[in-house]
Amino acid sequence: MEIPSKYDPKRVEEHWYAYWSENDYFSSKPDEREPYTIVIPPPNVTGVLHMGHMLNNTLQDVLIRRARLLGKNACWVPGMDHASIATEAKVVAKLKADGVDKSKLSRDEFLKHAWDWTNEYGGVILQQLKKLGCSCDWDRTKFTMDDDMSASVIKVFVDLYNKGLIYRGYRMVNWDPEAKTTLSDEEVIYEERQGNLYYLSYAIEGSDEKVTIATTRPETILGDTAICINPNDERYRHLRGKKAIVPICDRVIPIIEDEYVDVEFGTGCLKVTPAHDENDKNLGDKHNLEVVDIFNDDATLNSYGLHYEGKDRFVVRKEISKELEEKGYLVKTEQHTNKVGTSERTKVVIEPRLSDQWFLKMENLAKPALESVFDTNDINFFPKKFENTYRHWMEGIRDWNISRQLWWGHQIPAYYYGDGKEDFVVAESPEEALELARAIKPKIEAADLRQDRDVLDTWFSSWLWPISVFGGILDPDNEEVNYYYPTNDLVTAPDIIFFWVARMIMAGYEYRGERPFENVYFTGLVRDKQRRKMSKQLGNSPDALKLIEDFGADGVRVGLLLSSSAGNDIMFDEALCQQGANFANKIWNAFRLVKGWEVADIPQPEAAEKGIAWYKAKFNQTLVEIEDHFSKYRISDALMATYKLVWDDFCSWLLEIVKPEYLKPIDQKTYDEVLGLFEENLKLLHPFMPFLTEEVWQHIAERTPEDALIVSQWPEAKEVDSTLIADFAFASEVISGVRTIRKEKNIPQKDALELFMLNAEGVGPQMDTIILKLGNLSKVETVDASLDGALTFRVKSNEYFIPISGAIDVEAEIAKITEELNYTKGFLKSVEKKLSNERFVNNAPEQVVAMERKKAADAEAKIETLEKSLASLQ
């Protein structure tokens with residue numbers, strides 16, 4: 001094949017992804033090999049590729065591609081989550097734009113629209129992942145609403161209910177008034193917000209006395225059913241047994257006593273609104289208080305809101321505070337900062353609300369999940385710092401509210417046969433439900449059964465993901481789940497450690513009796529250069545596909561990975577992608593250079609032989625380092641080690657060592673060995689840069705599909721010759737010294753120089769041929785004393801001399817050095833003057849004084865060097 005002069009990422013990416021797909025390299029079936037399995041964190045079905053997805057899936061692809069090269073049966077299962085709240089919100093918005101009101105539709109009509117939406121927009125992100133080079137087994141793509149996945153969810157619900165772990169309870173829950181559904185505690189984000197503390201006066205019934213309470217939510221006074229005082233508070237002891245009158249609504253409420261009241265906060269009097277605060281609800285239950293719910297499901301006020309009925313809660317807050325002030329109930333207001341719960345999905349402020357919901361008991365499920373991380377070490381977190389977050393949540397775990405007031409999702413398999421709250425049966429199908437109901441109520445018919453209208457929390461399906469994608473719930477002993485489960489690595493973001501990671505671990509022990517994965521690699525958040533989280537609102541999140549178009553998929557992958565150490569946030573800059581693209585071009589040009597050499601049957605030069613021996617040692621040393629990085633999930637470090645090996649050691653050093661003289665051929669042995677080393681480099685690079693490496697690999701030689709790079713073999717580490725590596729490191733410093741003198745003195749590279757060395761103890765001549773070639777030296781010799789009239793440099797304890805007669809204009813060089821020496825002496829004098837000023841030294845910041853002292857030390861060292869150079873020329 002002809003080698004194009006420029007690397008064209010678009011052409012290469014389209015060609016090789018199609019080739020890999022046609023040859024079925026991504027697919028996996030159980031066989032005799034060791035399995036290596038990753039399940040994708042399923043993105044929302046209607047999602048599109050963003051920077052977080054790019055990072056997360058690049059990391060997974062690196063692990064999967066490396067596993068293939070290691071000879072493992074690599075299986076990466078892709079899929080999507082139905083995302084109840086997010087998807088239903090999008091469908092509702094689309095219907096609204098089309099003039100359709102969801103409330104006017106039946107459930108089946110709405111679900112038809114939801115499926116139409118899903119079929120039209122769903123799965124876009126999976127196609128976009130292909131652009132990134134992700135090598136998922138696409139034939140295994142799963143959707144949490146697939147028939148078998150739904151059946152798994154329902155089967156687990158019924159099983160947990162029959163075990164007594166799922167129950168129905170009337171509880172205070174988190175209510176999202178935008179999505180009109182409950183949320184679990186983990187779906188509520190608490191934010192500090194500036195608000196007001198309103199001091200309101202309540203009249204005491206039958207007297208002129210008033211009592212003042214403080215509240216951040218004056219609109220909720222319309223739901224007050226008591227005022228509570230601390231029995232130990234002397235200020236209010238005289239109010240025992242009395243009643244107060246709620247402003248505006250004039251409801252007469254009791255004054256109760258409870259030590260729950262903090263006498264130091266506010267006025268020491270607490271308004272009790274059981275319908276709208278969890279702590280108030282607990283007080284209400286304890287004291288048998290009435291419950292008055294003033295809100296509709298969209299957080300507008302209902303009939304208990306009196307003349308505010310139908311108005312939004314925040315509108316009412318402004319209006320009622322004005323009315324309270326006008327009627328003399330508002331004593332004062334103060335600015336107050338408090339934590340406000342917001343919905344993770346819709347971002348609106350949530351409402352505490354009493355509601356009948358389904359809950360899953362978590363305490364016993366959490367025990368084996370805790371032990372697996374802290375006692376048995378069956379599951380490892382990378383980085384380990386997230387273990388503390390996990391422990392804190394698991395040890396304080398609360399029952400999981402698993403029901404949602406939505407239509408899109410898995411409908412709860414509870415069937416009501418009567419009017420009472422407890423008149424229901426739980427079954428996997430309507431037919432089974434009818435049988436169970438008839439055991440209680442023999443004459444009941446199928447038409448008399450009503451299935452619970454709620455659906456299950458999205459995470460109730462995704463917590464089964466590593467098991468259900470292999471059919472392990474419906475058929476627990478099938479070949480696939482026995483082969484692929486437990487999976488190996490999970491790559492995810494720390495913000496879903498509770499939503500997903502912890503719950504998958506619990507499900508794994510409950511339904512398989514073992515861990516769902518061995519290692520969890522937590523990525524960081526992708527932030528911009530100003531450390532801001534990337535978001536659509538800020539407009540600081542680049543278009544992921546545009547980045548691939550501009551820099552190539554390999555360039556973007558490298559750019560992301562170079563900046564992403566495990567668990568730490570990534571400061572993303574497009575310049576990193578440019579660095580990745582530059583690296584791709586460097587490799588491509590190095591390949592074109594090698595393939596452009598004419599090859600002849602001539603002896604191998606000694607420099608080439610030594611250079612290749614050194615590079616093999618360096619390669620093996622780096623391979624050991626890379627293996628260590630991978631074992632500790634330091635993926636960024638593994639890439640950086642590979643990057644330095646290829647860019648610095650291979651391209652900058654080895655190719656220069658072996659490169660034939662201008663218009664002369666290279667010997668066959670060196671050429672073959674260099675190409676062989678190039679192939680080994682490509683294997684290390686392939687997980688990070690799959691497209692470029694496959695393109696170069698296929699250009700090196702004619703390959704059958706069985707010989708493709710994607711299914712080649714990861715290099716095996718051999719013994720490292722550390723002496724050879726150390727000798728070359730020393731030689732490279734000598735070569736750099738010669739090159740520096742050439743650059744500083746404008747001596748052309750084509751002009752051969754002589755090099756003399758003083759104190760050559762411990763340095764053998766084995767690298768001399770390389771030094772001669774790369775320094776363009778006519779000779780390298782050892783001397784017993786310093787040479788006059790020579791330019792010098794040092795490498796460790798050795799001093800090197802380059803005679804300059806004829807090479808430079810001595811008079812001009814003396815003048816140049818003298819000028820620089822005088823300037824440096826003047827500079828040192830000014831710095832010393834500043835440092836001799838006690839006022840400056842005593843008053844200036846410590847780092848400023850330290851900087852000045854460093855300037856003085858640097859100037860002194862430079863003066864010494866310049867004086868020696870001048871002496872050698874005179």
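The largest share of the lining of the largest cavity, three residues, is contributed by strand S14 (residues 351–360). Helices (H or I, at least four residues) and strands (E, at least two) are DSSP runs, numbered from the N terminus. The model is predicted, so local features need pLDDT of at least 70 and side-chain atom pairs count only at pLDDT 80 or more, while totals for chains, interfaces and linings use all residues. Residues are numbered from 1 along each chain as its sequence is written, and side-chain values use heavy atoms, with hydrogens and water left out.

A search of the whole structure finds one cavity of 30 Å³ or more. A cavity is a set of points, on a 1 Å grid over the protein atoms alone, where a 1.4 Å probe fits but cannot get out, and lining residues have an atom within 4 Å of a point. Grid points are joined across faces, edges and corners, and a volume is the space filled by probe spheres set on the points. The largest cavity holds about 40 Å³ of space. Its lining consists of Trp-175, Pro-177, His-276, Asp-293, Phe-295, Asn-296, Ala-299, Glu-351, Pro-352 and Arg-353. By class, five of the lining residues are nonpolar, two polar and three charged. In this division Ala, Val, Leu, Ile, Met, Phe, Trp, Tyr, Cys and Pro count as nonpolar, Asp, Glu, Lys and Arg as charged, and the others, Gly among them, as polar.

Two strand pairings involve strand S11 (residues 252–257), where two strands pair if DSSP finds at least two bridges between them. Strand S9 (residues 226–229) runs parallel to S11 and is joined to it by three bridges, with Ile-229 partnered by Glu-257. Strand S10 (residues 243–245) is antiparallel to S11, also over three bridges, and Ala-244 stands opposite Ile-253. S10 and S11 form a hairpin with six residues between them, and Ile-248 in the turn has a positive phi of about 70 degrees. A positive phi, of about 60 degrees, is also found at Asp-24, which is not a glycine. Asp-24 is placed in the loop between helix H1 (9–22) and strand S1 (35–39).

An open sheet of three strands has the order S15-S23-S22, with parallel pairing. Strand S15 (380–382) and strand S22 (487–492) are at the edges with a single partner strand each, so one side of each is left without a neighbour in the sheet. Direction ignored, neighbouring strands of this sheet are turned by 20 degrees against each other on average. Angles run from 0 to 180 degrees between N-to-C directions, and axes are lines fitted to C-alpha atoms, for helices over the stretch in contact. Five bridges connect S22 with strand S23 (residues 517–522) in the parallel sense, and Asp-489 stands opposite Asn-519 of S23. Helix H15 (residues 497–511) lies across S15, S22 and S23, at about 170 degrees to S23.

Helix H20 (residues 635–658) and helix H21 (residues 668–685) pack at an angle of about 170 degrees, with their axes 11 Å apart. H20 and H21 are therefore roughly antiparallel; angles under 35 degrees count as roughly parallel, over 145 as roughly antiparallel, 65 to 115 as roughly perpendicular and the rest as oblique. Residues in the contact include Phe-650 and Leu-654 of H20 and Phe-678 and Asn-681 of H21, contact meaning heavy atoms within 4.5 Å. The contact comprises eleven nonpolar, three polar and no charged residues.

Four strands form an open sheet of mixed pairing in the order S29-S28-S31-S30. Strand S29 (777–783) and strand S30 (790–795) are the edge strands, each with a single partner strand, so one side of each is left without a neighbour in the sheet. The twist from one strand to the next averages 25 degrees. S30 and strand S31 (residues 798–803) run antiparallel and are joined by six bridges, with Arg-794 partnered by Glu-799. Helix H23 (residues 722–745) lies across strand S28 (753–758), S29, S30 and S31, at about 145 degrees to S30. Helix H24 (residues 768–775) lies across S28 and S29, at about 130 degrees to S29.

Notes
On a 1 Å grid over the protein atoms alone, a cavity is a set of points where a 1.4 Å probe fits but cannot get out, and a pocket is an open set with protein on both sides within 12 Å along at least five of seven lines; lining residues have an atom within 4 Å of a point.
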